[in-house]
Amino acid sequence: NPLQGAQFVLAAHRVSQLPADRGAEVAFAGRSNAGKSSALNALTGHKGLARTSKTPGRTQQMVSFSLPPYKDVPVSRAQDAQERLPLAQAEGEPSLEVRLVDLPGYGYAKVPQELREHWRQEIDRYLHQRRSLRGVVLIADIRHPLKEFDRMMLDFCFATGLPCHLLLTKADKLSRNQAAQALAAMRKSFPDGLHATAQVFSSTAGTGVDEARAAVVALLRQ
Ligand code: GDP
(Lines give C-alpha, C1' and ligand atoms only; values in the text may rest on other atoms or scores of the structure.)
Protein backbone atom coordinates (compact mmCIF):
# COMPACT_ATOMS: atom_id res chain seq x y z
CA ASN A 1 0.00 0.00 0.00
CA PRO A 2 1.66 3.24 -1.18
CA LEU A 3 -0.27 5.26 1.40
CA GLN A 4 0.87 3.17 4.33
CA GLY A 5 2.57 4.80 7.28
CA ALA A 6 0.43 7.94 7.45
CA GLN A 7 0.91 9.84 10.67
CA PHE A 8 -0.97 12.68 12.26
CA VAL A 9 1.00 15.94 12.05
CA LEU A 10 -1.33 18.67 13.25
CA ALA A 11 -4.84 20.04 13.18
CA ALA A 12 -5.32 23.62 12.02
CA HIS A 13 -8.09 26.13 12.22
CA ARG A 14 -6.58 28.27 9.48
CA VAL A 15 -4.46 27.73 6.38
CA SER A 16 -1.68 29.75 8.00
CA GLN A 17 -1.34 27.09 10.73
CA LEU A 18 -0.69 24.23 8.29
CA PRO A 19 2.80 22.70 7.93
CA ALA A 20 5.31 24.57 5.78
CA ASP A 21 4.16 24.74 2.19
CA ARG A 22 6.72 22.46 0.55
CA GLY A 23 6.72 18.98 -0.92
CA ALA A 24 3.44 17.62 -2.18
CA GLU A 25 0.03 17.09 -0.69
CA VAL A 26 -3.41 15.90 -1.66
CA ALA A 27 -6.53 17.21 0.05
CA PHE A 28 -9.58 15.14 0.97
CA ALA A 29 -12.91 16.90 1.01
CA GLY A 30 -16.51 15.87 1.39
CA ARG A 31 -19.77 16.79 3.06
CA SER A 32 -19.99 15.67 6.64
CA ASN A 33 -21.16 12.08 6.87
CA ALA A 34 -20.22 11.36 3.24
CA GLY A 35 -17.71 8.78 4.46
CA LYS A 36 -14.50 10.81 4.21
CA SER A 37 -12.92 9.59 7.46
CA SER A 38 -13.73 5.98 6.59
CA ALA A 39 -12.19 6.48 3.13
CA LEU A 40 -9.01 8.01 4.56
CA ASN A 41 -8.69 5.13 7.00
CA ALA A 42 -9.28 2.55 4.26
CA LEU A 43 -6.78 4.18 1.90
CA THR A 44 -4.02 4.48 4.47
CA GLY A 45 -4.80 1.09 6.01
CA HIS A 46 -4.90 2.82 9.39
CA LYS A 47 -8.24 2.30 11.10
CA GLY A 48 -7.91 5.05 13.66
CA LEU A 49 -6.25 7.70 11.50
CA ALA A 50 -9.25 9.95 10.85
CA ARG A 51 -12.09 10.02 13.32
CA THR A 52 -15.26 8.51 11.94
CA SER A 53 -18.88 9.24 12.81
CA LYS A 54 -18.31 12.79 13.87
CA THR A 55 -20.88 14.29 16.14
CA PRO A 56 -22.70 17.28 14.68
CA GLY A 57 -21.34 20.58 15.86
CA ARG A 58 -17.95 19.15 16.78
CA THR A 59 -15.12 21.60 16.29
CA GLN A 60 -13.87 21.16 12.76
CA GLN A 61 -10.28 21.42 11.69
CA MET A 62 -7.98 20.90 8.76
CA VAL A 63 -5.93 17.85 9.65
CA SER A 64 -2.53 17.21 8.13
CA PHE A 65 -1.03 13.70 7.89
CA SER A 66 2.47 12.92 6.70
CA LEU A 67 3.43 9.96 4.56
CA PRO A 68 6.88 8.42 4.28
CA PRO A 69 9.48 9.42 3.21
CA TYR A 70 9.62 11.56 6.25
CA LYS A 71 11.25 14.91 6.50
CA ASP A 72 15.03 14.84 6.49
CA VAL A 73 15.24 11.13 5.69
CA PRO A 74 17.00 10.86 2.35
CA VAL A 75 15.14 8.50 0.10
CA SER A 76 18.36 6.81 -0.92
CA ARG A 77 18.81 5.59 2.65
CA ALA A 78 15.46 3.88 2.76
CA GLN A 79 15.62 0.20 1.96
CA ASP A 80 13.82 -0.92 -1.17
CA ALA A 81 12.94 2.68 -1.78
CA GLN A 82 11.11 2.02 -5.00
CA GLU A 83 9.05 -0.80 -3.62
CA ARG A 84 8.23 0.39 -0.14
CA LEU A 85 8.03 4.04 -0.96
CA PRO A 86 6.43 4.37 -4.38
CA LEU A 87 6.14 8.10 -3.83
CA ALA A 88 9.86 8.45 -3.45
CA GLN A 89 11.83 10.32 -6.03
CA ALA A 90 14.70 8.72 -7.85
CA GLU A 91 17.75 7.87 -5.79
CA GLY A 92 20.01 10.82 -5.19
CA GLU A 93 17.21 13.37 -5.40
CA PRO A 94 16.29 15.15 -2.20
CA SER A 95 13.51 13.58 -0.16
CA LEU A 96 10.06 14.90 -0.74
CA GLU A 97 7.65 15.72 2.03
CA VAL A 98 4.33 14.12 1.26
CA ARG A 99 1.08 14.84 3.06
CA LEU A 100 -2.62 14.08 3.01
CA VAL A 101 -4.89 16.82 4.29
CA ASP A 102 -8.36 16.19 5.67
CA LEU A 103 -10.47 19.29 5.01
CA PRO A 104 -13.50 20.05 7.16
CA GLY A 105 -16.82 19.17 5.59
CA TYR A 106 -20.26 20.48 6.21
CA GLY A 107 -23.67 20.23 4.64
CA TYR A 108 -25.19 17.33 6.54
CA ALA A 109 -24.71 18.05 10.20
CA LYS A 110 -26.02 21.38 11.35
CA VAL A 111 -23.05 23.72 11.29
CA PRO A 112 -23.65 27.34 12.30
CA GLN A 113 -23.71 29.73 9.36
CA GLU A 114 -20.69 31.62 10.67
CA LEU A 115 -18.59 28.48 10.86
CA ARG A 116 -19.68 27.38 7.38
CA GLU A 117 -18.60 30.76 6.05
CA HIS A 118 -15.26 30.51 7.88
CA TRP A 119 -14.57 27.14 6.30
CA ARG A 120 -15.79 28.17 2.87
CA GLN A 121 -13.27 31.00 2.96
CA GLU A 122 -10.43 28.91 4.38
CA ILE A 123 -10.98 26.13 1.83
CA ASP A 124 -11.09 28.73 -0.94
CA ARG A 125 -7.87 30.28 0.35
CA TYR A 126 -6.22 26.87 0.75
CA LEU A 127 -7.05 25.71 -2.78
CA HIS A 128 -5.93 28.97 -4.34
CA GLN A 129 -2.76 29.58 -2.33
CA ARG A 130 -1.31 26.25 -1.31
CA ARG A 131 1.60 25.63 -3.65
CA SER A 132 2.29 22.07 -2.50
CA LEU A 133 -1.32 21.07 -3.21
CA ARG A 134 -1.40 18.69 -6.17
CA GLY A 135 -5.05 17.76 -6.28
CA VAL A 136 -8.27 17.06 -4.45
CA VAL A 137 -10.03 13.83 -3.62
CA LEU A 138 -13.72 14.58 -3.25
CA ILE A 139 -15.79 12.03 -1.39
CA ALA A 140 -19.51 11.89 -2.04
CA ASP A 141 -22.21 9.39 -1.15
CA ILE A 142 -23.00 7.58 -4.41
CA ARG A 143 -26.70 7.85 -3.58
CA HIS A 144 -26.59 11.64 -3.12
CA PRO A 145 -23.72 13.00 -5.17
CA LEU A 146 -23.02 16.63 -5.94
CA LYS A 147 -24.85 18.54 -3.28
CA GLU A 148 -24.04 22.20 -2.77
CA PHE A 149 -20.74 21.52 -0.95
CA ASP A 150 -19.56 19.17 -3.72
CA ARG A 151 -20.41 21.67 -6.42
CA MET A 152 -18.50 24.34 -4.53
CA MET A 153 -15.43 22.06 -4.42
CA LEU A 154 -15.69 21.30 -8.14
CA ASP A 155 -16.08 25.03 -8.86
CA PHE A 156 -12.92 25.74 -6.84
CA CYS A 157 -11.06 23.00 -8.74
CA PHE A 158 -12.29 24.40 -12.03
CA ALA A 159 -11.20 27.90 -11.05
CA THR A 160 -7.76 26.84 -9.83
CA GLY A 161 -7.13 24.16 -12.46
CA LEU A 162 -6.52 21.60 -9.71
CA PRO A 163 -7.28 18.02 -10.70
CA CYS A 164 -10.04 16.33 -8.75
CA HIS A 165 -10.65 12.64 -8.18
CA LEU A 166 -14.17 11.83 -7.08
CA LEU A 167 -14.85 8.82 -4.88
CA LEU A 168 -18.48 7.78 -5.12
CA THR A 169 -18.57 5.98 -1.83
CA LYS A 170 -21.02 3.71 0.03
CA ALA A 171 -21.35 1.83 -3.26
CA ASP A 172 -22.21 -1.24 -1.16
CA LYS A 173 -25.64 0.40 -0.73
CA LEU A 174 -26.35 -0.03 -4.45
CA SER A 175 -26.30 -2.95 -6.86
CA ARG A 176 -23.28 -3.12 -9.17
CA ASN A 177 -25.46 -2.04 -12.03
CA GLN A 178 -26.87 0.95 -10.20
CA ALA A 179 -23.39 1.95 -9.08
CA ALA A 180 -22.05 1.74 -12.64
CA GLN A 181 -24.95 3.87 -13.86
CA ALA A 182 -24.33 6.48 -11.17
CA LEU A 183 -20.65 6.61 -12.17
CA ALA A 184 -21.46 7.00 -15.86
CA ALA A 185 -23.95 9.77 -15.12
CA MET A 186 -21.40 11.54 -12.95
CA ARG A 187 -18.67 11.41 -15.58
CA LYS A 188 -21.07 12.84 -18.16
CA SER A 189 -21.99 15.73 -15.89
CA PHE A 190 -18.42 17.04 -15.52
CA PRO A 191 -18.07 20.32 -17.36
CA ASP A 192 -15.55 20.59 -20.18
CA GLY A 193 -12.21 21.82 -18.92
CA LEU A 194 -12.55 20.33 -15.44
CA HIS A 195 -9.69 17.93 -14.71
CA ALA A 196 -11.81 15.35 -12.99
CA THR A 197 -11.88 11.59 -12.72
CA ALA A 198 -14.36 9.47 -10.81
CA GLN A 199 -14.70 5.97 -9.49
CA VAL A 200 -16.97 3.75 -7.44
CA PHE A 201 -15.81 3.21 -3.86
CA SER A 202 -16.82 1.51 -0.62
CA SER A 203 -14.85 1.59 2.60
CA THR A 204 -17.07 -1.12 4.06
CA ALA A 205 -16.74 -3.55 1.16
CA GLY A 206 -13.24 -2.49 0.12
CA THR A 207 -14.44 -1.65 -3.39
CA GLY A 208 -12.12 0.55 -5.42
CA VAL A 209 -9.50 0.94 -2.68
CA ASP A 210 -6.53 0.04 -4.92
CA GLU A 211 -7.83 2.25 -7.71
CA ALA A 212 -8.21 5.16 -5.29
CA ARG A 213 -4.70 4.66 -3.86
CA ALA A 214 -3.30 4.74 -7.37
CA ALA A 215 -5.26 7.92 -8.08
CA VAL A 216 -3.85 9.61 -4.96
CA VAL A 217 -0.30 8.58 -5.91
CA ALA A 218 -0.86 9.90 -9.44
CA LEU A 219 -1.98 13.24 -8.00
CA LEU A 220 1.01 13.41 -5.64
CA ARG A 221 3.41 12.68 -8.46
CA GLN A 222 2.18 15.42 -10.74
P1 GDP B 1 -17.31 11.68 7.36
O2 GDP B 1 -18.19 12.54 8.21
O3 GDP B 1 -17.43 12.05 5.91
O4 GDP B 1 -15.90 11.57 7.82
O5 GDP B 1 -17.98 10.21 7.39
P6 GDP B 1 -17.58 8.89 8.22
O7 GDP B 1 -16.44 8.20 7.59
O8 GDP B 1 -17.50 9.21 9.67
O9 GDP B 1 -18.88 8.00 7.91
C10 GDP B 1 -20.18 8.45 8.17
C11 GDP B 1 -21.10 7.25 8.33
O12 GDP B 1 -21.17 6.53 7.11
C13 GDP B 1 -20.61 6.27 9.39
O14 GDP B 1 -21.74 5.75 10.06
C15 GDP B 1 -19.90 5.21 8.57
O16 GDP B 1 -19.93 3.96 9.19
C17 GDP B 1 -20.73 5.18 7.29
N18 GDP B 1 -19.92 4.80 6.12
C19 GDP B 1 -18.74 5.33 5.72
N20 GDP B 1 -18.29 4.72 4.59
C21 GDP B 1 -19.20 3.77 4.27
C22 GDP B 1 -19.30 2.80 3.20
O23 GDP B 1 -18.44 2.68 2.29
N24 GDP B 1 -20.40 2.01 3.21
C25 GDP B 1 -21.38 2.10 4.16
N26 GDP B 1 -22.42 1.29 4.07
N27 GDP B 1 -21.31 2.99 5.18
C28 GDP B 1 -20.23 3.81 5.24
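Predicted model: local features only at pLDDT ≥ 70, side-chain atom pairs only at ≥ 80, totals over all residues.
Residues are numbered from 1 along each chain as its sequence is written.

**Overall layout**
- The chain has six helices and seven strands, taken as DSSP runs numbered from the N terminus (helices are H or I with at least four residues, strands E with at least two).
- Read from the N terminus, the elements follow the order β-β-α-β-α-β-α-β-α-β-α-β-α.
- Among contacts with a separation of 6 or more, 75% join residues 24 or more positions apart; a contact here puts two C-beta atoms, placed from the backbone, within 7 Å.

**Helix H4 (residues 148-160)**
- Its buried residues are Phe-149, Asp-150, Met-153, Leu-154 and Cys-157.
- They share one side of H4, because they cover an arc of only 135 degrees around the axis, the arc being that of the directions from the helix axis to the C-beta atoms.
- An α-helix has 3.6 residues a turn, so residues three or four places apart point the same way.
- The face turned away from the buried side of H4 carries the exposed residues Glu-148, Arg-151 and Ala-159.
- Packing against the buried residues of H4 are strands S2 (24-30), S5 (133-141) and S6 (164-169).
- After H4 comes Gly-161, with a positive phi near 80 degrees.

**Helix H6 (residues 209-221)**
- With 13 residues at 1.5 Å each, H6 should span 18 Å, and its end C-alpha atoms agree at 18 Å apart (the expected span is 1.5 Å times one less than the number of residues).
- Ala-212, Ala-215, Val-216, Leu-219 and Leu-220 are buried in H6.
- These residues line one face of H6, because they fall within an arc of 135 degrees seen down its axis.
- The partners of the buried H6 residues include helix H1 (36-44), strand S4 (98-102) and strand S7 (196-200).

**The nonpolar core**
- The largest nonpolar core holds 56 residues, of which Phe-28, Val-136, Leu-138, Leu-168 and Val-216 touch the most other members; such a core is a set of buried Ala, Val, Leu, Ile, Met, Phe, Trp, Tyr and Cys residues joined through C-beta atoms within 7 Å.
- S5 contributes the most to this core, with six residues.
- Beyond its neighbours within four places in sequence, Leu-138 contacts Ala-29, Gly-30, Asp-150, Met-153, Cys-164 and Leu-166.

Technical notes
Buried ≥ 20, exposed ≤ 12 C-beta atoms within 10 Å, placed from the backbone.
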